[in-house]
Amino acid sequence: MNADNQSAKIELRAIIRSAIKNLSPEKRKSDSEKICALLKTQPFFQTARSILFFAPLPEEPDLWPVVNETMAGKQMVALPCFDPENQVYQPRRVTDLHVEILSGKFGIREPVDTCVAIPPNDLDLVLVPGVAFGLDGHRLGRGKGYYDRLLQYFTGKKIGIAFDEQIVDAVPSEENDVRMDLILTPTRCVKPQ
């Protein structure tokens with residue numbers, strides 16, 4: 001990664017994190033509810049047979065209510081689980097959030113080891129968190145590349161999930177950064193240009 005790109009990413013992360021930090025808990029909750037409602041109306045979500053959700057950090061949109069609802073239906077639900085040996089996240093099937101979830105390496109909720117591993121290409125849909133998303137479909141993550149490695153061989157739909165405050169015109173990107181097919185916010189579903 002070149003130094004200019006690295007500096008631009010660091011600067012953008014700081015700007016977006018500041019904007020998200022300024023959101024009130026009520027606005028964050030309300031916007032998360034709007035994202036959940038909009039997500040459930042999307043054809044890509046309704047027709048997916050298997051979905052990789054994410055366990056949100058406090059500053060991320062909370063899709064946990066949809067995870068519960070989806071598990072009660074016919075769709076298969078998976079969550080990322082950190083594999084310390086290979087330093088990657090692996091999707092694992094989840095059937096009970098009360099029994100099969102623990103706090104993982106980075107303090108993120110993830111499936112227990114006994115949950116069945118799912119090859120990424122067995123998933124129809126991946127819902128992807130990020131720090132920022134560009135209108136071109138590029139995503140700015142936390143800087144470790146975990147999601148890019150998780151998504152590099154995935155062939156299904158990749159949907160960025162974000163607050164409106166996380167959308168920017170463009171995100172500095174590298175050759176190995178994975179683009180989103182769509183970005184869903186509380187107010188819109190953005191098809192990258």
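How exposed is Lys27, in terms of relative accessible area? In this predicted model, Lys27 is partly exposed, with a relative accessible area of 35%. Its salt-bridge partner is Asp31, the side chains meeting at 2.8 Å, N to O. Asp31, by contrast, is buried, with a relative accessible area of 3%. Helix H2 spans residues 25-41, and beyond its sequence neighbours within four places Asp31 is in contact with Phe163, Glu165 and Pro186.

The whole structure holds eight salt bridges. Among them is the pairing of Lys40 with Glu69, at 2.9 Å from N to O. This pair links distant parts of the chain, with Lys40 in helix H2 and Glu69 in helix H4 (residues 64-72), 29 residues apart. Lys40 is partly exposed at 33% relative accessibility, and Glu69 is partly exposed at 44%. A salt bridge also joins Arg188 and Asp164, whose closest N and O atoms are 4.0 Å apart. Glu59, Glu60 and Arg142, in turn, are linked in a network of salt bridges.

Placed in strand S8 (residues 139-140), Arg139 is buried yet has no salt bridge, the nearest side chain of opposite charge, Asp148, being 4.4 Å away. A polar atom of the Arg139 side chain does lie 2.6 Å from the backbone oxygen of Pro129. Contacts of Arg139 beyond four places in sequence include Phe133, Tyr147 and Met180.

Definitions and conventions. Residues are numbered from 1 along each chain as its sequence is written. This is a predicted model: local features need pLDDT of at least 70, side-chain atom pairs count only at pLDDT 80 or more; totals for chains, interfaces and linings use all residues. Side-chain values use heavy atoms; hydrogens and water are left out. Helices (H or I, at least four residues) and strands (E, at least two) are DSSP runs, numbered from the N terminus. Buried means under 20% relative accessible area, exposed over 50%, partly exposed in between (1.4 Å probe, protein chains only). Lys and Arg count as positive and Asp and Glu as negative; His and the chain ends are not counted. A polar contact is a pair of N or O atoms within 3.5 Å; within protein, one must be able to donate a hydrogen and the other to accept it, and residues adjacent in sequence count only if both atoms are side-chain atoms. Contact means heavy atoms within 4.5 Å.
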